[in-house]
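Open your viewer and keep the selection panel handy. We will go stop by stop, from the whole chain down to single residues.

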Amino acid sequence: MEKIILTGDRPTGRLHLGHYVGSLKRRVELQNSGKFDKVFIMIADAQALTDNADNPEKIRQNIIEVALDYLSCGLDPAKSTIFIQSQIAELCELTFYYMNLVTVSRLQRNPTVKTEIQLRGFAESNDAGDNRPGIPVGFFTYPISQASDITAFRATTVPVGEDQEPMIEQTREIVRKFNSVYGETLVEPDILLPDNSACLRLPGTDGKAKMSKSLGNCIYLSDPAEDVRKKVMSMYTDPGHIKVEDPGKVEGNTVFTYLDAFSRPEHFAEFLPDYASLDELKDHYRRGGLGDVKVKKFLNSILQEELEPIRTRRKEFEQDIPAVYEMLKKGCDAAREVAAATLADVRRAMRINYFEDAELIASQAEKFRG
Ligand code: TRP
């Protein structure tokens, strides 16, 4: 069986370090590994609209930002099909059929949907006096639409962050259900999580659980060097580590979490030769006598080294924006062809392919001849 990757991002803002370590960096490695027959990268604008119905302009503006982030990180249109979800109408049709295979209560139990309902502040019931907005149906059912995204491209592998695990599980259930009802048609995908636990969910610079635009705690891939430095120097560390001599905690200390995610052994020789490894640095911090500034400067050097080539490539792609749109258009055309083939299989399996079914027409003719 062909090995196929599909993954994507909602275009609600520029991409940040959380996206990068959680998935983007891995995608580029997978794309270049030669181990996959096809790679599909989707800008999930239709999914973004499920809770941004009143703000299509935000989504519209961010399509190009996300595309530039992709290209500058090394996603290569010669190796990966980069496309925009809303331009593939076949995905909507698949969703419409899959909806019949999923119960309301199953969606209500989806942990990601549950947390997002909380986060977005949607009212969960019809209680009188609850003035919060209700849950849009499109938002509630987006796990089903995500199953369409994945299965339309017969993806075997979905590289995503940990928060997407319930989505992949729900997709697998839909595939099994579809195949058992209509016959073996769809491919059951596997999730591919980051292997480094610090990368699973990179905290924000303020130490909060997740980098998120609304919390203003992100380091963006496209941030200028000086902004990155400032954000690193003001990062949350151990509030109990006041004087340099004080013993410090590395658990829950954002600077060390970022070092877990980004530092490699060679960085020590390059930027901090007094220490041989991250373990040594952590030991010194725990003992006391190591100041936050020194650790932050080290992290800044590492991040700058990682981000500099990305920024430079972004500047180059920014010089020819029409070419980026053209690349996306080609990607959409290629993606549509693949999704249409899967949709044809689905219609055949569901036996709603009336006009290509000569046997149906002949047997009905027979029946009515009496
Ligand atoms: N839900 C993903 C996110 O919020 C985006 C997405 C949409 C996606 N469809 C997908 C990811 C299919 C992987 C596969 O980032």
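Helices (H or I, at least four residues) and strands (E, at least two) are DSSP runs, numbered from the N terminus. With that in hand, colour by secondary structure: the protein chain holds 17 helices and five strands. Before you zoom in, note that this is a predicted model, where local features need pLDDT of at least 70, side-chain atom pairs count only at pLDDT 80 or more, and totals for chains, interfaces and linings use all residues. Residues are numbered from 1 along each chain as its sequence is written, and side-chain values use heavy atoms, with hydrogens and water left out.

**The whole chain**

Show the C-alpha trace, which spans about 95 × 55 × 35 Å along its principal axes. Of the 370 residues, 49% are buried; buried means under 20% relative accessible area, exposed over 50%, and partly exposed in between (1.4 Å probe, protein chains only).

**The ligand**

Of the 13 residues around the ligand, Arg-10, Gln-47, Gln-146, Asp-149 and Gln-164 come nearest.

- Arg-10: a polar side-chain atom sits 3.2 Å from a ligand oxygen atom.
- Asp-149: a side-chain N or O atom is 2.8 Å from a ligand nitrogen atom.
- Gln-164: a side-chain N or O atom is 3.0 Å from a ligand nitrogen atom.

The protein covers 91% of the 370 Å² of accessible area that the ligand has on its own. Strand S1 (4–9) and helix H8 (142–152) are the elements giving two or more residues to this shell.

Centre on Leu-281: beyond its neighbours within four places in sequence, its contacts (heavy atoms within 4.5 Å) include Phe-256, Phe-268 and Phe-298.

Is Ala-335 buried or exposed? Ala-335 is buried, at 0% relative accessible area. Leaving aside neighbours within four places in sequence, Ala-335 contacts Thr-81, Phe-83, Ile-88 and Phe-153. Then jump to Ser-72 in helix H3 (residues 56–73). Ser-72 is buried too, at 1%, and beyond four places in sequence its contacts are Ile-310, Arg-313, Arg-314 and Phe-317.

**Two loop arginines**

Finish with backbone angles. Arg-154, in the loop between H8 and strand S4 (157–159), has a positive phi of about 50° although it is not a glycine; Arg-154 is partly exposed at 26%. Arg-351, in the loop between H16 and helix H17 (358–369), has a positive phi near 60° and is exposed at 61%.

Conventions. Near = heavy atom within 4 Å. Polar contact = N/O pair within 3.5 Å; in protein donor to acceptor, adjacent residues only side chain to side chain. Areas by Shrake-Rupley, 256 points an atom, 1.4 Å probe, with all protein chains shown as cover.
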